[in-house]
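Me: I have just opened this one and would like to go through it slowly. Could you walk me through the strands, the core and the pocket?

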Amino acid sequence: IFVHARWDLFDEKHASYEVQRVIKAKKIFIGSIIFNHGWSGRGDVRVSSIDNKVDKSCDKGEIKVKYPTNIMLNETRAIQYRIDTVDADGHQKPYLYWSSNGYTDMVVLEAIIRYKDEMEDAIITTSFTDKSDEGSWEEIARIPFDKTTHSFKYTKKGVPSGIKLWMKWKA
């Protein structure tokens, strides 16, 4: 139903990625949900949540977060978790990615770059394919850097199933 994904970069190596979602069960029962996150960095990863019920696994740039839900058909649930990373070698890339596997009423992508005072506009691109080549992506928006909050923020309502969104900026 709703997703707010926020990437908070404290400096070039330390970051946190916080996700807040409101989900609605489309199956008779959902005991837990696994969320997959790609990370281009290398180093320490910690995952936490408000209710401290998440499990994580990390393998070759993929962070899997298992969140217990225990909800029945048509019930809704608010979910929150945070991934803290330390990119020891400075490999993380300047982008935020999100993909849908069902219709979402609203998606908010936010990148806070605390150590920058000025930046060029971020570019929002989208695709309905699994292709990673740049030619398969369509630019849909440019987001100016907010100098007061040191951030880029993009909101999209009525996001169809299967869409992929990238927020990219120059480091």
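Predicted model: local features only at pLDDT ≥ 70, side-chain atom pairs only at ≥ 80, totals over all residues.

Me: Switching to sheets, what is the strand order in the open sheet of six strands?

Reply: The order is 4-7-2-1-9-12, and the pairing is mixed. At the edges are strand 4, residues 43-48, and strand 12, residues 151-159, each of which pairs on one side only. Neighbouring strands of this sheet are turned by 10° against each other on average, with direction ignored.

Me: How many bridges are there between strand 9 and strand 12?

Reply: Strand 9, which covers residues 104-113, pairs with strand 12 over eight bridges in the antiparallel sense. Within that pairing, the residue standing opposite I112 is S151 in strand 12.

Me: What about the open sheet of four strands, what order does that have?

Reply: Its order is 8-13-10-11, with antiparallel pairing. The edge strands are strand 8 and strand 11, the latter spanning 138-143, and each pairs on one side only. From one strand to the next, the twist averages 20°.

Me: Which residue in strand 13 stands opposite Y97?

Reply: That is W166, and strand 8 is joined to strand 13, residues 164-168, by five bridges, with the two running antiparallel. W166 is also the bridge partner of T125, in keeping with the five bridges that join strand 10 to strand 13, again antiparallel.

Me: Is strand 10 mostly covered or mostly exposed, and how many of its residues are buried?

Reply: Strand 10, residues 122-127, is mostly covered, since five of its six residues are buried. Five bridges also join strand 10 to strand 11, which run antiparallel, and the bridge partner of I123 in strand 11 is R142.

Me: Now the pocket: what volume does the largest one have?

Reply: The volume of the largest pocket is about 1,200 Å³. It is lined by 41 residues, of which R21, F35, W98, S99 and N101 are the closest to its centre.

Me: Which strand gives the largest share of that lining?

Reply: Strand 3 does, with eight residues. The strands that each supply at least two residues of the lining include strand 1 (2-9), strand 2 (14-24), strand 3 (29-38) and strand 7 (76-87).

Me: Last topic, the backbone: where is H150, and what is its phi?

Reply: H150 lies in the loop between strand 11 and strand 12, and its phi is positive, at about 55°, although it is not a glycine.

Me: Why does H150 count as buried?

Reply: Its relative accessible area is 18%, and buried means under 20%, so H150 counts as buried.

Me: What about N70, what is its phi?

Reply: N70, placed in strand 6, has a positive phi of about 50°, although it is not a glycine.

Notes. Residues numbered from 1 in each chain as written. Heavy atoms only, no water. Pairing = 2+ DSSP bridges. Axes fitted to C-alpha atoms, helices over the stretch in contact; angles between N-to-C directions. 1 Å grid on protein atoms, 1.4 Å probe; cavity = no way out; pocket = protein on both sides within 12 Å on 5 of 7 lines; lining within 4 Å. Points joined across faces, edges and corners; volume = space filled by probe spheres on them. Buried < 20%, exposed > 50% of the residue type's maximum accessible area, 1.4 Å probe, protein only.
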